[in-house]
Amino acid sequence: MAEDGQGDGSGVPGPPRYRGALHPDTLEQELEAIPMFMKRCPADIDAARQPELACLQSLLFDEEQSPAELARMYKNEGNEYFKEKDYGRAVAAYSEGLRKKCEDPELNAVLLTNRGAAHFHQGNYRSALNDAIQAKKLKPTHLKAIVRGALCHMELKNFSEAIAWCEEGLRIDPTEKKLLETRVKADKLKRAEERDARKAKVMEKKEKCQRDILLAAIKERNIKLVLEPSNEEEEISDGLAEISLDGFHSDNATGAKVHLDADGNLNWPVLFLYPEHEQTDFTVAFHENSRHLITLQNLFQLYFEDEEREEMYEVNPEHTLLQVLRHERYFVKAGTPTVLVFVKRSPFSKKYFSGKKVHRL
């Protein structure tokens, strides 16, 4: 039965509308709910709310159909999703087709290859490669699976394997353009990788030699190193074989490390602590034979602390850094010698040293 329209607000009735008619203001949304006009099928279909879709779904995927027919339908559905670049749903559709366990190896190889392509576009290269391997087992001459496997190996930086897959495919079709291009690229990258590995090996050998020389110099000077690999101190002092620079690094922000100069002298990063002012100072490379650990020596006095015995040692201003580091109770921690700086005879200094045992060098 016709109903009067609402009109346009001028008092004149609009054209009659029928029960169930589409409303002009929501025409597009209402059309989208009709299966014939849908641009995209919902992921989940509620039979109570969408009976038409549920009915169509049961017609399409009737369990009375053979596994091969159902697998082919899911393959076509996956292909449509793939064209729309909806790779997640494409993977789901191809997987559903494979679950039908049809006995057609060629169809299963296509489902695996297509699913591998969808995985590839999602960046899931390992899953894509597994699908390509399974597809090739079902159909050894399936070029698309071989191309996909070669591309997966490229993304995974398995250049030798990529070349092998290319060679296998080119034995089937020597003119396959994608395989020819991939083989050239893989060979180039493999050569570069091997070259970089050789360079790294030479550099590692050179660095090891430099570390050995540095450790020998430290041992020769009877300087004691303390490593702190896991917040636990480990003293290393006896025998070159027991000395290692693994974990021995500077914790300072510049990353400076002890090194030997051209004359064979050690240069250390040195950290100066000012407890009174709660400040620090840092020298990147302090020559071991330098006597001027700090300027204005008439105003400041240097100390180092023996944390184990809870005792302090006053540094003789005439001593070189090397003489300080050689002291039997001095331990270089985390690669950086540390000294404490106090203003001479200041109230803070007097209070700080009150009750502490202080040794004068």
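Mentor: Start with helix α3 (residues 67-83) and helix α4 (residues 87-99). In this predicted model, they pack with their axes 8 Å apart, at an angle of about 170 degrees.

Trainee: Which way do α3 and α4 run relative to each other, roughly parallel or roughly antiparallel?

Mentor: Use the angle, about 170 degrees. Angles over 145 count as roughly antiparallel. So α3 and α4 are roughly antiparallel.

Trainee: Which residues of α4 make the contact with α3?

Mentor: The α3 side includes Ala-71, Tyr-74, Lys-75 and Phe-82. Facing them in α4 are Tyr-87, Arg-89, Ala-90, Ala-93, Tyr-94, Glu-96 and Gly-97.

Trainee: How are α3 and α5 oriented, roughly parallel or roughly antiparallel?

Mentor: Their axes come within 11 Å and cross at roughly 25 degrees. The crossing is left-handed. Among the residues that meet are Ala-68 and Arg-72 in α3, and Leu-107 and Val-110 in α5. An angle under 35 degrees counts as roughly parallel, so α3 and α5 are roughly parallel.

Trainee: What span should helix α6 (residues 125-138) have, and what separates its end C-alpha atoms?

Mentor: Helix α6 has 14 residues, taken at 1.5 Å a residue.

Trainee: Where on α6 do its buried residues lie?

Mentor: The buried ones are Ala-128, Leu-129, Asp-131, Ala-132, Ala-135 and Lys-136. In general, an α-helix has 3.6 residues a turn, so residues three or four places apart point the same way. Down the axis of α6, the buried residues fall within an arc of 160 degrees, so they line one face of the helix.

Trainee: What covers the buried residues of α6?

Mentor: Several helices contribute. The cover includes α5 (105-121), α7 (143-155) and α8 (159-172).

Trainee: How do α7 and α8 run, roughly parallel or roughly antiparallel?

Mentor: Their axes are 8 Å apart, and the angle is about 160 degrees. The crossing is left-handed. Contact residues include Ile-146 and Gly-149 of α7, and Trp-165 and Gly-169 of α8. With an angle over 145 counting as roughly antiparallel, α7 and α8 are therefore roughly antiparallel.

Trainee: Is Ile-146 buried or exposed?

Mentor: Ile-146 sits in helix α7. Beyond four places in sequence, Ile-146 touches Lys-136, Pro-140, Trp-165, Gly-169, Ile-172 and Leu-179. Its relative accessibility is 0%, so Ile-146 counts as buried.

Trainee: How far apart are the C-alpha atoms of Ile-146 and Ala-132?

Mentor: Along the chain, Ile-146 and Ala-132 are 14 residues apart. Ala-132 is one of the buried residues in α6. The C-alpha separation of Ile-146 and Ala-132 is 6.7 Å.

Methods. Residues are numbered from 1 along each chain as its sequence is written. This is a predicted model: local features need pLDDT of at least 70, side-chain atom pairs count only at pLDDT 80 or more; totals for chains, interfaces and linings use all residues. Side-chain values use heavy atoms; hydrogens and water are left out. Helices (H or I, at least four residues) and strands (E, at least two) are DSSP runs, numbered from the N terminus. The expected span of a helix is 1.5 Å times one less than its number of residues. Buried means under 20% relative accessible area, exposed over 50%, partly exposed in between (1.4 Å probe, protein chains only). The arc is that of the directions from the helix axis to the C-beta atoms. Contact means heavy atoms within 4.5 Å. Axes are lines fitted to C-alpha atoms, for helices over the stretch in contact, and angles run from 0 to 180 degrees between N-to-C directions. Angles under 35 degrees count as roughly parallel, over 145 as roughly antiparallel, 65 to 115 as roughly perpendicular and the rest as oblique. A crossing is left-handed if the near helix is turned anticlockwise from the far one by less than a right angle, and right-handed if clockwise.
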